[in-house]
Protein chains: 2
Amino acid sequence: MSGSVCLNTLIKALCCLPGVGRKSAQRMSYHLLQRDRAGGRHLAEAIAQAMQQVGHCVRCRNFTENDLCGICDNGKREQAQLCIVESPADVQAMEEAGYRGVYFVLLGHLSPLDGIGPAELGLDALPERLAASEVNEIILATNSTIEGEATAHYITEMVRPAAVKVSRIAHGVPLGGELEYIDSNTLSHALAGRQDVGS
Amino acid sequence: MSGSVCLNTLIKALCCLPGVGRKSAQRMSYHLLQRDRAGGRHLAEAIAQAMQQVGHCVRCRNFTENDLCGICDNGKREQAQLCIVESPADVQAMEEAGYRGVYFVLLGHLSPLDGIGPAELGLDALPERLAASEVNEIILATNSTIEGEATAHYITEMVRPAAVKVSRIAHGVPLGGELEYIDSNTLSHALAGRQDVGS
């Protein structure tokens, strides 16, 4: 070891970032110390500030430092469509895809073995929100995994009494995908979900 | 954008780390906020502390928060061997390779076009250090690049008056390397540097 306590502490601390092992952490530390101390100081401030100030929107549970997130607080958003996603990163992905309605962020998926039930996902508040707002379509955009599908199924059953339209984002061949290399389950979904183009 | 100013600031700040683009920075931010706020706070402190406290050893220019680094301050190191490397990361690599002498860290290599000459590399202080200490061998461990070789050559010429032994780390086939896939320059170095094993 090079013997600098601060440096070793920094290397260990950087390992908490996803995808960063000891070697990358070392490279990052040396880079900051040797070439970008101002950037490092700015980074330290940005992390500290975000950890302290960023909380969850009281309405959709997305990340925000205010009570309401920028999307819930934006009067121009389509209030009739409610998109349910698993994480704030999924909100970002939906935004980039051009969705302009509002969201509900589960911050996870149903996982009874880990003790994550409907209450942990904030689903208790959903019927209330449906009653209080003008939502007429719920778009289920949970991941296309076993847990995501189970969560989508649970929500479908749960909101049935509210009598709003419930839809699930389509499964199928991704753009640019070649049929030869697509797995058969996806292809069978794409086939079942085929759409009329002749009319 | 999700609209949280703190979050966007954090994502941008993380991009200053080497090998981290916008997408990785996003993933890191969400990970810290969602799963590891304690780790994030600790990371912010570690960065801030390192940026403020870590400076250079007055003797070998390695990173340290004290006047002398742990290696220069360690009486048990072999004071007769002085290894000259380009960066503190190289010190770490040499330590792992089992070297137990002392170091001189250039913090770069000769690069006249970028205005990096001998003075910027701290080479002015080298003759003085050689005169004052018991060094009897200089091991040149600069990188095996054009700049590293030029720097090694410059130092060889520079320390000639001091009449100490000067050696360069060996070039050759890396352990586990297959001859078929080694470039011809390396192989020709390996051939020229062949060592007698028969006696």
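**Exercise 1.** In this predicted model, determine how many residues the largest nonpolar core has and which elements give two or more residues to this core.

*Solution.* Begin with the count, which is 44 residues for the largest nonpolar core, and then pick out those with the most contacts inside it, namely A:L17, A:L43, A:I47, B:L17, B:L43 and B:I47. Next, assign the core to secondary structure: α1 (5–14), α2 (22–35) and α3 (37–53) of chain A, together with α1 (5–14), α2 (22–35) and α3 (37–53) of chain B, each give two or more residues. Finally, follow one of these residues across to the other chain, where A:L17 touches B:L17, B:M28, B:L32 and B:L43, residues up to four places away in sequence being left out of the count.

**Exercise 2.** Work out by what turn and shift chain A can be laid on chain B.

*Solution.* The same surface serves both copies, since 98% of the contact residues of chain A recur in chain B.

**Exercise 3.** Describe the area buried between chain A and chain B, and find which element gives the most to the side of chain A that touches chain B.

*Solution.* The contact joins 52 residues of chain A with 52 residues of chain B, and the buried area is about 4900 Å², of which carbon and sulfur atoms give 69%. Between the chains there are 0 salt bridges, whereas 11 residue pairs are in polar contact. On the side of chain A that touches chain B, α1, α2, α3, β2 (63–64) and α4 (88–96) each supply at least two residues, and α3(A) gives the most, with 14 residues.

How values were computed:
Residues are numbered from 1 along each chain as its sequence is written. Chains are lettered from A and ligands numbered from 1 in the order in which they are written. This is a predicted model: local features need pLDDT of at least 70, side-chain atom pairs count only at pLDDT 80 or more; totals for chains, interfaces and linings use all residues. Side-chain values use heavy atoms; hydrogens and water are left out. A nonpolar core is a set of buried Ala, Val, Leu, Ile, Met, Phe, Trp, Tyr and Cys residues joined through side-chain atoms within 4.5 Å. Buried means under 20% relative accessible area, exposed over 50%, partly exposed in between (1.4 Å probe, protein chains only). Helices (H or I, at least four residues) and strands (E, at least two) are DSSP runs, numbered from the N terminus. Contact means heavy atoms within 4.5 Å. Copies are superposed by least squares on the C-alpha atoms of residues with pLDDT of at least 70 in both. Buried area is the accessible area (1.4 Å probe) that two parts lose on being put together, summed over both. A salt bridge is a side-chain nitrogen of Lys or Arg within 4 Å of a carboxyl oxygen of Asp or Glu. A polar contact is a pair of N or O atoms within 3.5 Å; within protein, one must be able to donate a hydrogen and the other to accept it, and residues adjacent in sequence count only if both atoms are side-chain atoms.
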